[in-house]
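Biologist: I'd like to learn how to read a structure residue by residue and then as a whole. Could you take me through one?

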Amino acid sequence: MAIVVWVYYRGESVCYILNSKIMIIMRLSKNFTYEEFIRSSSAERMGIDNRPKTKEEEKKVIENLRNLCLEVLQPLRDYVGAPVHINSGYRCKALNLAVGGVKNSQHSRGEAADIRIASPKQGREWAAWIEDNCRFDQMLLERNKNGAVWLHVSCKRYASKNRQSFKILKVEG
């Protein structure tokens with residue numbers, strides 16, 4: 001039997017106890033949580049702890065992720081009217097290296113997310129909406145060698161540093 005207790009944590013988060021494990025659910029925006037950005041099936045498979053290593057780093061990552069959610073992901077979610085799923089959010093340096101990410105990846109600072117899309121057409125539609133309605137740094141419509149497609153989007157906290165760049169990479173259809 002599971003015991004579940006809800007409490008306020010840090011003024012905005014919810015903590016619950018389930019089967020003797022304490023789980024913190026920190027809301028970054030109305031529909032996005034910190035946990036969905038640090039959860040990684042690749043990290044689990046490889047035995048990598050995909051959390052920031054220091055409290056100072058964690059604070060910066062949370063601020064960056066919250067900015068990404070408030071500037072891009074939550075507005076997109078509100079526009080779509082349905083869940084927007086994150087394939088890849090924050091990546092610690094070890095995970096970024098293990099999955100072949102670029103050395104200066106914005107994922108490692110909490111400034112980027114890869115959004116699951118159903119098709120390149122949906123990716124182009126969502127990218128066009130983001131381009132017209134959001135402050136963003138970079139968007140990449142990508143496909144891997146197995147045919148999976150996703151929309152990479154990033155946003156920096158300081159508006160003057162955002163490039164507003166959109167590219168389609170290796171995608172047809």
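Biologist: Which residues does T33 touch, not counting residues up to four places away in sequence?

Modeller: A contact means heavy atoms within 4.5 Å. By that rule, T33 reaches I25, M26, R27 and L28, with residues up to four places away left out. This is a predicted model, in which local features need pLDDT of at least 70 and side-chain atom pairs count only at pLDDT 80 or more, while totals for chains, interfaces and linings use all residues. Residues are numbered from 1 along each chain as its sequence is written, and side-chain values use heavy atoms, with hydrogens and water left out.

Biologist: Where does T33 lie, and is T33 buried or exposed?

Modeller: T33 sits in the loop between β3 (21-25) and α1; helices (H or I, at least four residues) and strands (E, at least two) are DSSP runs, numbered from the N terminus. Buried means under 20% relative accessible area, exposed over 50%, and partly exposed in between, with a 1.4 Å probe and protein chains only. T33 counts as buried because its relative accessible area is 13%.

Biologist: How many helices and strands does the protein have, and in what order do they run?

Modeller: There are five helices and eight strands. From the N terminus on, the order is β-β-β-α-α-α-β-α-β-α-β-β-β. Of the 173 residues, 45% are buried. If you take contacts between residues at least 6 apart in sequence, 61% of them join residues at least 24 apart.

Biologist: Which members of the largest nonpolar core touch the most other members?

Modeller: In soluble globular proteins, nonpolar side chains tend to be buried together. A nonpolar core here is a set of buried Ala, Val, Leu, Ile, Met, Phe, Trp, Tyr and Cys residues joined through side-chain atoms within 4.5 Å. The largest one has 36 residues, and Y34, F37, V72, L73, I115, I130 and L151 touch the most other members. The elements giving two or more residues are α1 (34-38), α3 (55-80), β5 (112-116), α5 (120-133), β6 (138-143) and β7 (149-154). Helix α3 supplies the largest share, eight residues. As for Y34, its contacts beyond four places in sequence are M26, L28, P52, E58, V61, I62 and L65.

Biologist: What does W129 touch, and in which helix is W129 found?

Modeller: W129 belongs to α5, and its relative accessible area of 17% is why W129 is called buried. Leaving out residues up to four places away, W129 touches P75, L76, Y79 and C134. P75 is 54 residues away along the chain, yet the two C-alpha atoms are separated by 9.8 Å.

Biologist: And what does I48 touch, away from its own stretch of sequence?

Modeller: I48, in the loop between α2 and α3, touches A43, C92, A94, L95 and A98, not counting residues up to four places away. The C-alpha atoms of I48 and C92, 44 residues apart along the chain, are 8.7 Å apart.
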